[in-house]
Amino acid sequence: MSRWPNISIKDRLKDRFEKYVMPVPECGCHIWIGACDTTGYGRFRDHNGLLVAANRMAWEIYKGPIPDNLLVLHTCDTPSCVNPRHLFLGNYRDNIKDAYKKKRR
């Protein structure tokens, strides 16, 4: 189910979201410059005031709803990146396999 009841809310949310994004041309990342948790992942308040992961919000704004039980993973391994081109969906097992493949575990 979509997070937004109508398109104008999504547009306003997107405008507010993009105020906290700084593109880095050298690597292609879009770095989240808003609030972050202790592990470097961005945090953003949606239109209902709920605190959500910025990479998940980026996915929903630019690509659509996230199916239940899926995570939004990074190809770039930069926790603060919200570039939709650097994001992909996967389950918990995919996340662990990705971490081992990239020697992060």
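This is a predicted model: local features need pLDDT of at least 70, side-chain atom pairs count only at pLDDT 80 or more; totals for chains, interfaces and linings use all residues.
Which residues are linked with D98 in a network of salt bridges?

1. Residues are numbered from 1 along each chain as its sequence is written, and side-chain values use heavy atoms, with hydrogens and water left out.

2. Let us begin with charged pairs. Side chains of opposite charge can pair when their charged atoms come close. The rule used here calls a pair a salt bridge if a side-chain nitrogen of Lys or Arg lies within 4 Å of a carboxyl oxygen of Asp or Glu. Searching the whole structure with it turns up 3 salt bridges.

3. Now for the opening question: D77 and K102 join D98 in the network. Between K102 and D98, the closest N and O atoms are 3.1 Å apart. K102 also forms a salt bridge with D77, where the closest N and O atoms are 3.4 Å apart. This D77 pair links distant parts of the chain, 25 residues apart: D77 sits in the loop between β5 (71-74) and β6 (87-90), and K102 in the segment after α3 (92-101). Those labels come from DSSP runs, numbered from the N terminus: helices are H or I runs of at least four residues, and strands are E runs of at least two.

4. D98 is buried at 10%, whereas D77 is partly exposed at 30% and K102 is partly exposed at 27%.

5. Next, have a look at D37 and R43. Their side chains meet in a salt bridge, with 2.8 Å from N to O. D37 has a relative accessible area of 26%, making it partly exposed, and R43 is partly exposed too, at 27%.

6. Finally, the cysteines. A disulfide is a covalent bond between the sulfur atoms of two cysteines; the rule here asks for a pair of cysteine sulfur atoms within 2.5 Å. The count comes to 0 disulfides. C27 is partly exposed at 46% relative accessibility, while C29 is buried at 4%.

Conventions. Buried means under 20% relative accessible area, exposed over 50%, partly exposed in between (1.4 Å probe, protein chains only).
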